[in-house]
Amino acid sequence: MKRLLRIYKPFTRAGLLEMVAYRVNFIFFLLGEIMKCFVMFFVWKAVFDSSDSSTLYGFTYDNMVVYLFITFLSGYITYSDGSYAVGKEILDGSIAMRMIKPVDFDMCFMFQELGGKILQLLIVFLPITVGVEAYRWITNGVFMLNVPMFFLYIVSLLLAYGINFFFNVIYGFLAFYLKNLWGTDIIKGVIVGFLSGATVPLAFMGGFGQVLGYLPFASLSYTPVMIYMGMYEAKEIIFYMSLQLLWLLIFVVASKLVLKSAMKRLVVHGG
Amino acid sequence: MNNDVMIQVTNLKKEFRKTIKEPGLKGSFKALFKPEYETVKAVDDISFDVKRGEIIGFIGPNGAGKSTVIKMLTGILTPTSGECRIDGKIPTENRKDYVKEIGVVFGQRTQLWWDLALRETYMVLKEIYEIPEEDYNERMAFLNEVLELDDFITSPVRTLSLGQRMRADIAASLLHNPKVLFLDEPTIGLDVVVKDNIRKAIQKISEESGTTVILTTHDLEDIELLCKRIVMIDKGKKVFDGELSELRRRYGQMRELGFELKNSQDFSKLSYKEDFSFSDDDLSVEQSGSNIKVRFNSDVVTVENMLSYTLSRVHVKDINVKDADIEEIIRRLYLGGGEQDETTASHL
Amino acid sequence: MLKYLRLHKIFIKQYLKKLMEYKVDFLLGAIGFLLEQAVQIFCLGIIFSTIPALCYAKDGVVLDSWSFNEVLFIYGFSLIPKGIDHLFFDNLWSLGYWLVDRGDFDKYLTRPINPWFYVLCEKFCVDAMGEIIVGVALIIYSTLSMPADVSGAINWWRVLPVIAVMPFAIMIFTSVKTGTAAIAFWTKRSGHITHMCYMTNDFAKYPAKIYNGFIKTAITYILPFALTAYYPAIFILRGEAVWSLPVTVGVSVLLFIISQFIWKKGVSAYESAGS
């Protein structure tokens with residue numbers, strides 16, 4: 001483990017430096033993206049105002065607000081664009097240079113990305129969690145953050161990041177077959193967003209939502225968010241986190257297999 | 001204003017503000033909270049004139065401020081102070097009128113539509129410059145003849161070779177028959193035969209259309225074959241402006257005498273300057289250990305006299321005499337420019 | 001002016017030719033967009049399945065309410081000016097993301113046409129047809145789904161003044177993009193600022209009354225996207241907010257002047273790339 005950290009430290013550092021350099025752009029981009037949450041914040045308020053009951057599918061308005069922002073936050077923290085890096089290096093052939101170095105090439109991307117996340121924790125994670133908790137505290141008069149649940153949330157979030165990372169590495173290898181990832185990227189984004197419950201909680205979708213809950217997409221953000229909100233009982237937490245672990249394993253193995261077959265192609269092409 | 005003068009540059013200056021960033025993580029964080037700036041004088045008080053129909057070579061080492069001057073002349077950058085006029089027009093005052101008089105080729109960056117057939121680019125340019133059908137056809141025929149575009153005019157630009165692309169780019173910049181053509185590194189990355197063709201074409205265009213050409217290049221052969229006159233700048237200042245032949249006259253009589261002393265202490269026995277009363281311009285002496293290099297003007301003292309003087313005073317192991325060629329002259333001029341080092345950066 | 005119209009036509013033609021070379025990319029992009037809208041509308045449907053109508057209430061008193069069909073109508077309407085701006089003037093994004101940063105803006109300055117116009121019309125974004133088609137389809141669908149007495153009460157003559165004001169609504173999008181993209185002339189990159197301002201148009205897809213005073217003012221006067229969607233849509237539906245039509249013209253002209261001012265200043269501060 002120590003060795004691992006030493007080898008990949010430069011990559012982490014590079015990721016952090018890059019993030020520092022682009023911090024201003026990042027913050028503006030973030031502000032633009034979070035706008036959608038505020039739009040929905042008001043839409044949901046109007047929806048709850050219009051409803052006779054104070055809960056919809058088990059969600060109160062406060063739940064909904066927390067759901068909105070924590071889903072956004074989780075999406076950001078677990079976001080991975082390894083697919084771009086992998087796709088680009090495959091297309092211009094520079095991936096060959098990675099292959100000849102004594103480091104795992106997917107790990108290089110991961111640690112570089114994690115380096116960038118260090119700063120993101122500061123400018124995304126902190127303000128949003130503090131903001132959400134402050135909101136709950138003001139509207140309910142009690143401090144609602146459940147510390148053990150918060151830790152479980154972090155663990156679940158890390159699992160989600162892993163799943164997302166390897167999912168995207170596999171997707172990036174599609175660059176071998178699709179010369180351009182741009183169009184498919186939009187489609188991927190929409191499908192993943194919808195199936196992971198980013199727009200509307202899966203609970204709102206009835207039996208269909210239940211099925212979606214078992215898919216890897218739900219593991220990406222729905223599971224951690226439900227844990228954060230304390231919507232899951234102990235039994236459910238164990239079940240859904242095991243499911244996350246299972247998906248992670250599946251994607252790791254699958255990405256190794258794809259990598260192997262891609263290497264063969266690389267040799268055939270002469271890289 | 002003199003009618004013969006096409007381009008008039010007076011006291012042109014351009015300053016940029018740059019962020020100073022220290023290396024490493026610490027530097028990045030420092031820049032995050034307390035950014036420091038410095039002002040860089042990219043172009044510092046440059047003046048020159050170019051006559052109608054002239055081809056001038058605009059040269060200087062990397063980072064000398066060449067492209068900054070060109071960008072101000074083409075109306076891309078606004079000067080900090082001073083002005084440039086082309087045929088009496090000032091680029092920043094009436095940009096649209098001004099750019100109709102000029103054609104620009106940046107060797108490293110194409111102005112052609114990447115995904116379209118070459119002909120399409122010319123059709124669009126015809127509209128942009130409002131070229132009448134008749135003029136367009138005539139002009140196209142001429143450019144076709146000089147630059148031989150016919151072979152690839154229907155191919156998409158991205159499939160052209162570098163040489164074809166450069167010919168196409170030059171034609172694109174000349175469609176509207178501009179009075180001045182700016183060529184920034186037009187032969188960069190091309191092989192010898194292609195370079196030669198492009199030079200011939202430029203020559204022919206200048207002769208037949210009377211186009212004034214400003215050429216920047218790192219390839220001194222371009223200069224020797226195309227330009228009578230050169231303007232050289234370094235560190236934002238003009239260091240030479242004159243005929244190529246004058247450059248040769250001024251520095252061309254320079255010879256380089258190189259020899260190796262048997263005993264390096266003997267160097268003190270040689271006092272060329274005093275014994276021959278050379279002026280500063282006509283002599284330079286370099287010593288590194290027992291190796292001596294003497295550059296001198298052979299009009300002042302003949303090679304024969306220099307040799308016999310040297311051999312009569314010291315024992316040498318080896319000796320040689322070299323001509324200074326144009327490349328050598330310019331290399332020396334660059335170095336000479338480097339010596340008058342002055343800080344152009346001031347911290348704010 | 002005529003010259004510019006003719007040029008624009010030529011650019012569009014060239015762009016379509018280029019598009020034909022990249023059919024697959026275009027198709028995938030279009031499918032992606034349609035899918036995105038479908039998901040959005042599906043989710044709106046889910047949200048509205050829980051309530052009879054969207055209400056705006058204060059202190060428990062319902063002050064105004066919109067049926068699902070009316071919300072769909074507003075949502076669909078919002079896509080039209082946005083889509084038209086997107087169709088014709090999408091290239092402003094590249095200014096803030098890379099044209100200035102890489103020094104590619106040089107090209108636009110060495111041509112005898114207005115560089116702003118040149119940037120604007122160089123790209124013709126056919127993907128935006130998706131937005132416009134979805135918008136029109138939603139308007140038609142929602143109108144047909146309304147109870148006959150509601151849709152029968154709509155005075156369709158009100159569409160005429162809305163169409164007359166439409167160019168000004170489109171110009172709101174274009175000016176916001178121009179002004180923010182021009183910041184790149186000083187900072188090299190400003191695409192993210194454009195993104196941030198542009199995203200506020202999401203607020204305009206829903207009835208402006210549901211927002212608090214601050215946001216309502218902001219989307220009416222500062223980044224006035226509500227003028228491009230909610231107000232004209234509700235004017236057609238109910239004849240409300242007549243005042244918004246002249247305000248749209250005024251605010252739009254003002255924004256245009258401000259954005260042109262920033263642009264002009266920016267161009268003279270442009271530093272190109274390299275030495």
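How far apart do the C-alpha centres of domain 1 of chain B and domain 2 of chain B lie? They lie 40 Å apart in this predicted model.

**View 1. The two domains of chain B.** Chain B is divided into two parts, domain 1 and domain 2. Domain 1 spans 5–248. Domain 2 spans 255–339. Between their C-alpha centres the separation is 40 Å.

**View 2. Chain B against chain C.** Chain B brings 26 residues to this contact, and chain C brings 21 residues. Look for three helices on the chain B side: helix 2 (66–73), helix 3 (95–99) and helix 4 (118–128). These are the elements of chain B that give two or more residues to the side touching chain C. Helix 4 of chain B gives the most, with four residues. By residue type, this side of chain B holds 11 nonpolar, eight polar and seven charged residues.

**View 3. Chain C against chain A.** Here the contact takes 31 residues from chain C and 30 residues from chain A.

**View 4. Residue types on the chain C side that touches chain A.** The side of chain C that touches chain A has 21 nonpolar residues. Six polar and four charged residues complete this side of chain C.

Key. Residues numbered from 1 in each chain as written. Chains lettered and ligands numbered in written order. Predicted model: local features only at pLDDT ≥ 70, side-chain atom pairs only at ≥ 80, totals over all residues. Contact = placed C-beta atoms within 7 Å. Nonpolar A, V, L, I, M, F, W, Y, C, P; charged D, E, K, R; others polar. Domains from an automatic or database assignment.
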